[in-house]
Amino acid sequence: MPRWDIFCRVVDNYGDIGVCWRLVQQLADEHGADVRLWVDHLESFARLCPGISPLLAEQHVGPIEIRHWPADFPVVDAADIVIEAFACELPATYIAAMARRTAPPVWINLEYLSAETWVDDCHLLTSPHPGLPLTKHFFFPGFTSKTGGLLREKNLLTDRAAFDATAAAEFWHSLAVPPPADGELLISLFCYENPALPELLECWAEGSEAVRVLTTPGAATEQTARWLGKTLVPGDSVRQKSLTVQPLPFLPQARFDHLLWACDVNFVRGEDSFVRAQWAQRPFVWQIYPQTENAHFVKLEAFLTRYLGEYDDKAVVQRCWRAWNGTGDLGIAWRDFVANRQAIQQHGTAWAAQLDRAGNLANNLARFVRGI
Amino acid sequence: MSVKLAGELQAGNVIMVENLPVVVIKAQYNKSGRNAAVIKVRAKNLMTNRVSELIYKADDKLEGVMLEKKNCTYSYFSPPSHVFVDAEFNQHEIDAETIEDLEKFLAPDMTDICEVTFYEGRPISVVLPKTIIREIEYTEPAARGDTSGKITKTAVLKDTKHELQVSAFVEIGDKIEIDTVTGEFKKRCN
């Protein structure tokens, strides 16, 4: 059985390791792959996967071998398939080990997700090493069949469909969060520091509709706490006119999915939660990772163009997303967005079906590797 | 040999790929995630003439090839080649496919000094000056009271009929400066 080595550098927070961990699990669970995952920051990983000890350089989670990626990288044999996640630079000693193999490994650079059209043309292009007999393949996640697709576990959509009111009630109970009252709008909030957040909290507090916002640990809870002028810890419930704020504890990936499925609207950020929000088929608002020279606005618009392709009232979603990302009046945009949430939700269901037809990333990757 | 950053590649550069010299026909720069960038390269192998597409991270260090270079001016198109003339009035033919990304700026009366590169005595690539000046043959007038927020419009270059985006204030007959690496409008010259 071929061996896989997957390398992940935790740049910030949980996006990189979140995506890698999903991929590794899917390769092991659904493709029987023999996988070794190298992670430079085990503390972040341990929050996503409580079975991990940040102190152990080598450990197993089920069939998956987890290795700490130290600055002084050990001498190891290179695997048959090597993945550098998000263009992380592999250790020089490891590249040398790859070059020493009789048969060169299949070397993949798993790139960032983007909806831009150039991605279709770059997916699977090769990158010969300038000095060694090694060739790297660029594998781009994406939203079309010309890309590698999105990560989606085999049972995700059936599990999502089976998540009914009873399951949602059990989920809320497990979090010690009261189920929503009649007419109460339930919102999950996962974001980077966002200058638009105070305006949105103000809008929720002053609105006529009861809103409960469930903040995730980190920027969402911290910025909301500053707005309230209070410290927030999981278990708190703070009322401000029409708005109730409830900070959540850190949720492992599967539980985070349940949160997205159980809420009426989800605010997500970056890459991993952004993808999961699409599979959740609930109205969502995306905060894109900010880039230099405002390159992220191009990516935001590229996604909006794809996502809203067949949707009638594009402007409602566009205005809200743009305002959440710093351009426009968020208060007005939000009121229009939430007033149209039934139609947006229907569109989200159709969009998820369209994405599903493009296949999923782990399957596409495994197929590509087999074909080399 | 020299080290060349992939992010600095442009049409006309020659790099070693799998120990063979290839000339860059087109280099397309795209921002990836988290401020990383990737470069898609269309390149022609100088030994086999095979054209292929490659991809690099912008900070990948590639092996550049030091080659003979001469300053030339563009003369005319003689299908399937473009003809350049050096200071000694020697003519050098380069096939159009190799410099397809530059054709949009090649005009018979242009006076720009181009750098022609030779590999084993054979002209293989051309690099235009970093900036060139071209005349606008056609563009729509700027719409009065346009509040759409659009700050650019399409314009057509004289001779080559190449279309590019220019600032809204640019008019027919204006001379503009163009960045030949990005192909983008830089400023109005008159």
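1. Trp38(A) has Arg67(A) as its bridge partner in strand E4 of chain A. The two strands concerned, E2(A) and E4 (residues 64-68), run parallel and are paired over four bridges. Strands are said to pair if DSSP finds at least two bridges between them. Helices (H or I, at least four residues) and strands (E, at least two) are DSSP runs, numbered from the N terminus.

2. The model is predicted: local features need pLDDT of at least 70 and side-chain atom pairs count only at pLDDT 80 or more, while totals for chains, interfaces and linings use all residues. Residues are numbered from 1 along each chain as its sequence is written, chains are lettered from A and ligands numbered from 1 in the order in which they are written. The scores are ipTM 0.89 and pTM 0.85. Chain B has a mean pLDDT (the predictor's confidence in each residue, from 0 to 100) of 90, and 95% of its residues reach 70 or more.

3. E2 (residues 34-39) of chain A also pairs with strand E1 (residues 3-8) of chain A, in parallel and through six bridges. Within this pair, Cys8(A) is bridged to Val39(A).

4. Helix H12 (residues 314-324) of chain A has buried residues, among them Val316(A), Cys320(A), Trp321(A) and Trp324(A). A residue is buried if 20 or more other C-beta atoms lie within 10 Å of its own, exposed if 12 or fewer, and partly exposed in between, with C-beta atoms placed from the backbone. The cover over the buried residues of H12(A) includes strand E14 (284-287) and helix H11 (295-307) of chain A, as well as helices H13 (330-339) and H14 (341-357) of chain A. Gly326(A), which follows H12(A), has a positive phi near 110 degrees.

5. The contact between the chains takes 19 residues from chain A and 20 residues from chain B. Two residues are in contact if their C-beta atoms, placed from the backbone, lie within 7 Å. On the side of chain A that touches chain B, helix H4 (118-122) and strand E7 (126-128) of chain A each give two or more residues. That side of chain A has 12 nonpolar, five polar and two charged residues. In this scheme Ala, Val, Leu, Ile, Met, Phe, Trp, Tyr, Cys and Pro count as nonpolar, Asp, Glu, Lys and Arg as charged, and the others, Gly among them, as polar.

6. Chain B has zero helices and 16 strands. Of its 190 residues, 29% count as buried. Its C-alpha atoms fill a box of roughly 60 × 50 × 25 Å along the principal axes.

7. Five strands of chain B form an open antiparallel sheet in the order E9-E8-E7-E10-E11. Strand E9 (91-95) and strand E11 (122-127) of chain B are the edges, each pairing on one side only. Strands E7 (residues 68-78) and E10 (residues 114-119) of chain B share five bridges, and Lys69(B) has Thr117(B) as its bridge partner in E10(B).

8. Ala168(B) sits in the loop between strand E14 (163-167) and strand E15 (175-179) of chain B. Ala168(B) counts as partly exposed because it has 14 C-beta neighbours inside 10 Å. Beyond neighbours within four places in sequence, Ala168(B) is in contact with Ala142(B), Ile151(B), Thr152(B) and Lys153(B).
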